[in-house]
Protein chains: 2
Amino acid sequence: MTKVYNFSAGPSMLPQAVLKQAQAEMLDWQGSGMSVMEMSHRGAEFMSIAKTLHDDLRELMAVPDNYQILFLQGGATAQFSFIPANILGDKHKACYINTGAWSEKAIKGAKSYCDVVVSATSEANNFTSIPERSTWNIDEQAAYLHYTPNETIHGVEFQDIPDVGDLPLVADMSSNILSRHIDVSKFGLIYAGTQKNMGPAGAAVVIVRDDLIGKAQKSLPDIFNYEKQAKQESMLNTPATYTWYLVGLVLQWLKAQGGVAAIEQINQRKAKSLYAAIDQSALYSNPVAVADRSRMNVPFILSDDTLDKAFLSTAKEQGFLALKGHRSVGGMRASIYNAMPESGVEALIQFMAEFERTH
Amino acid sequence: MTKVYNFSAGPSMLPQAVLKQAQAEMLDWQGSGMSVMEMSHRGAEFMSIAKTLHDDLRELMAVPDNYQILFLQGGATAQFSFIPANILGDKHKACYINTGAWSEKAIKGAKSYCDVVVSATSEANNFTSIPERSTWNIDEQAAYLHYTPNETIHGVEFQDIPDVGDLPLVADMSSNILSRHIDVSKFGLIYAGTQKNMGPAGAAVVIVRDDLIGKAQKSLPDIFNYEKQAKQESMLNTPATYTWYLVGLVLQWLKAQGGVAAIEQINQRKAKSLYAAIDQSALYSNPVAVADRSRMNVPFILSDDTLDKAFLSTAKEQGFLALKGHRSVGGMRASIYNAMPESGVEALIQFMAEFERTH
């Protein structure tokens with residue numbers, strides 16, 4: 001097997017220990033004679049997997065008792081399409097902060113259901129910074145305020161949780177959940193697709209405060225209705241069982257690493273090293289305001305873009321995969337989620353220096 | 001590893017050859033150095049997996065060129081919630097045939113969007129037969145007619161495709177897709193969750209005729225809009241990549257078995273043997289009209305239901321898993337999808353005879 005480092009933005013690298021355990025258990029989960037993907041979701045074996053999954057996420061994120069944890073199908077895109085129908089209640093508008101491509105998609109999704117107040121946007125500077133909190137135009141009549149703590153494509157990340165007063169704070173944490181400590185009690189609702197820091201694609205986790213449950217519009221299909229799924233422990237329909245299992249393995253791995261606090265320190269070091277290498281280089285640069293740089297997704301451009309092709313092909317030859325930037329921004333991007341070891345980032349830095357030296 | 005036969009109704013047994021291949025490729029798909037679940041869905045490797053998946057399904061089911069094949073997230077339940085919003089167009093009602101629990105769920109899902117005309121129902125006889133075609137009350141003003149060719153819970157199955165004239169025929173084939181030959185050209189839309197005859201849970205296949213695409217209501221989220229997903233080859237959002245891969249492996253396995261025609265003969269033999277054993281027994285019985293019995297899901301009851309517990313525990317001890325009937329109908333159920341070998345059905349028949357002899 002080729003030794004590779006996979007910098008894909010998602011689906012993305014998983015811990016080798018998780019893949020090895022999944023491999024070992026593929027035909028026979030713990031003496032059951034079944035693969036997890038063959039199990040009835042109502043059977044004792046899978047119910048135990050589901051319980052451990054929920055318990056581990058609650059422990060790792062210190063989720064308070066007045067929050068429900070749901071695992072739903074469809075990824076973050078399905079969620080931002082259905083959040084307004086779940087939590088608007090009798091209100092007719094919601095505030096959104098626009099910090100990049102994923103904010104924009106969430107805004108588009110919400111517009112089918114309500115008036116969207118864009119309380120702040122960094123579109124004018126091509127999403128290279130986070131709008132100052134003091135400039136936000138918050139409408140107190142809104143049902144909630146939505147933001148994207150980490151923008152996967154533009155590589156900007158909130159370093160703190162914004163204070164929005166009594167308005168429920170809703171966050172798409174797809175690309176930084178479990179990468180750093182967050183105080184869940186400051187949020188009304190957190191959601192995240194599983195395919196970046198938690199496992200394979202095919203599900204979304206929703207952490208929702210009790211008072212936001214039970215406000216759904218009647219026309220919302222039951223499987224996307226938080227109240228109905230909470231009552232059925234996310235098994236109103238057949239869940240993506242194998243995805244749940246793999247997310248469970250990732251959470252167990254994360255606990256074995258020392259949990260979120262420990263991985264956060266590693267993530268800080270990885271990001272610091274990579275940005276330092278970029279900033280010190282004459283070839284590479286990152287356009288994002290230093291204070292707002294993402295620890296998870298590091299976009300960079302080459303000062304001579306005729307070298308892009310050579311950079312990518314040489315990188316691939318040497319086992320550095322999926323470094324091409326998103327088609328909407330171009331250049332390069334290294335996604336360095338929890339599963340990317342420090343050695344992978346160090347190896348990338350060496351490769352980039354060598355490429356600069358020889359080109 | 002215990003040798004088991006898994007009769008779960010879904011998620012359900014998968015071919016051992018598929019699990020072994022997935023196991024072998026878990027850490028390194030074909031020398032890429034990546035697990036399939038780590039791959040970017042936009043990368044060349046996964047694109048080739050996706051193309052083979054689509055091509056194989058088109059070949060196995062002989063899907064005509066004027067039909068699109070979509071793989072969407074959320075299972076059949078998501079689909080029957082969104083079919084009306086996709087294909088009603090300017091019409092306001094749809095016909096549904098009620099042959100059991102899954103028909104009823106589809107009807108409930110449709111009622112949020114349109115008037116439902118129940119053209120026929122077998123509720124009066126506890127869903128133990130299919131209503132005669134001559135008795136159906138079809139409303140020609142309806143946008144389509146929906147039916148469930150195989151009822152997973154009640155164990156009834158249409159042996160032929162009903163003729164409904166010019167009305168587009170819509171079918172939930174979750175539990176019998178790829179188990180028997182069907183003429184796709186007689187349908188407007190076929191959909192199926194993947195977790196019975198195709199792979200793990202977490203996706204649905206939709207086969208939709210071109211003229212039914214492009215009629216979606218504007219409020220329908222893009223990811224459930226057939227037109228928008230068709231244009232993006234089902235990659236408008238991140239698909240459930242690992243599920244796609246496993247479905248692809250199952251389709252390759254099915255081709256190696258000789259395709260649908262070959263598996264249909266095996267399925268006929270399996271069902272015939274099991275029903276014969278039940279009919280000849282004094283202990284077991286199946287309530288379904290002989291002509292309407294499902295080849296996939298075989299419910300049966302014990303004449304003395306105080307023996308149910310002993311039956312299930314003895315079965316489990318001997319490696320016959322998940323035989324408990326659905327909670328809504330009680331008794332037992334053996335689901336014998338494509339992946340259940342004839343030897344598994346024969347072993348079950350022997351076990352049932354031995355249990356009857358000793359009880």
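Which residues of chain A do ring pairs link into a cluster? Select A:Tyr5, A:Phe7, A:Tyr284, A:Phe300, A:Phe311, A:Phe320, A:Phe351 and A:Phe355. Rings of Phe, Tyr and Trp (its six-membered ring) pair if their centres lie within 6.5 Å; planes under 30 degrees apart are stacked, over 60 edge-to-face, the rest tilted.

This is a predicted model: local features need pLDDT of at least 70, side-chain atom pairs count only at pLDDT 80 or more, and totals for chains, interfaces and linings use all residues. Residues are numbered from 1 along each chain as its sequence is written, chains are lettered from A and ligands numbered from 1 in the order written, and side-chain values use heavy atoms, without hydrogens and water.

Over all chains there are 41 aromatic pairs. One is A:Tyr242 with A:Tyr245, tilted, 5.2 Å centre to centre, 40° between the planes. Both lie in helix α6 (residues 241-256) of chain A, three residues apart; helices are DSSP runs of H or I, at least four residues, and strands runs of E, at least two, numbered from the N terminus.

Next, A:Lys105. Its charged end sits over the ring of A:Trp102, 4.7 Å from the centre (NZ of Lys or CZ of Arg within 6 Å of the ring centre and within 35 degrees of the ring normal).

Move to strand β10 (residues 204-209) of chain B: six of its six residues are buried. B:Ala204, B:Val206 and B:Val208 point one way, B:Val205, B:Ile207 and B:Arg209 the other. Strand β2 (residues 67-72) of chain B pairs antiparallel with β10(B) over six bridges (pairing takes at least two DSSP bridges). There, B:Tyr67 stands opposite B:Arg209.

How values were computed
Buried < 20%, exposed > 50% of the residue type's maximum accessible area, 1.4 Å probe, protein only.
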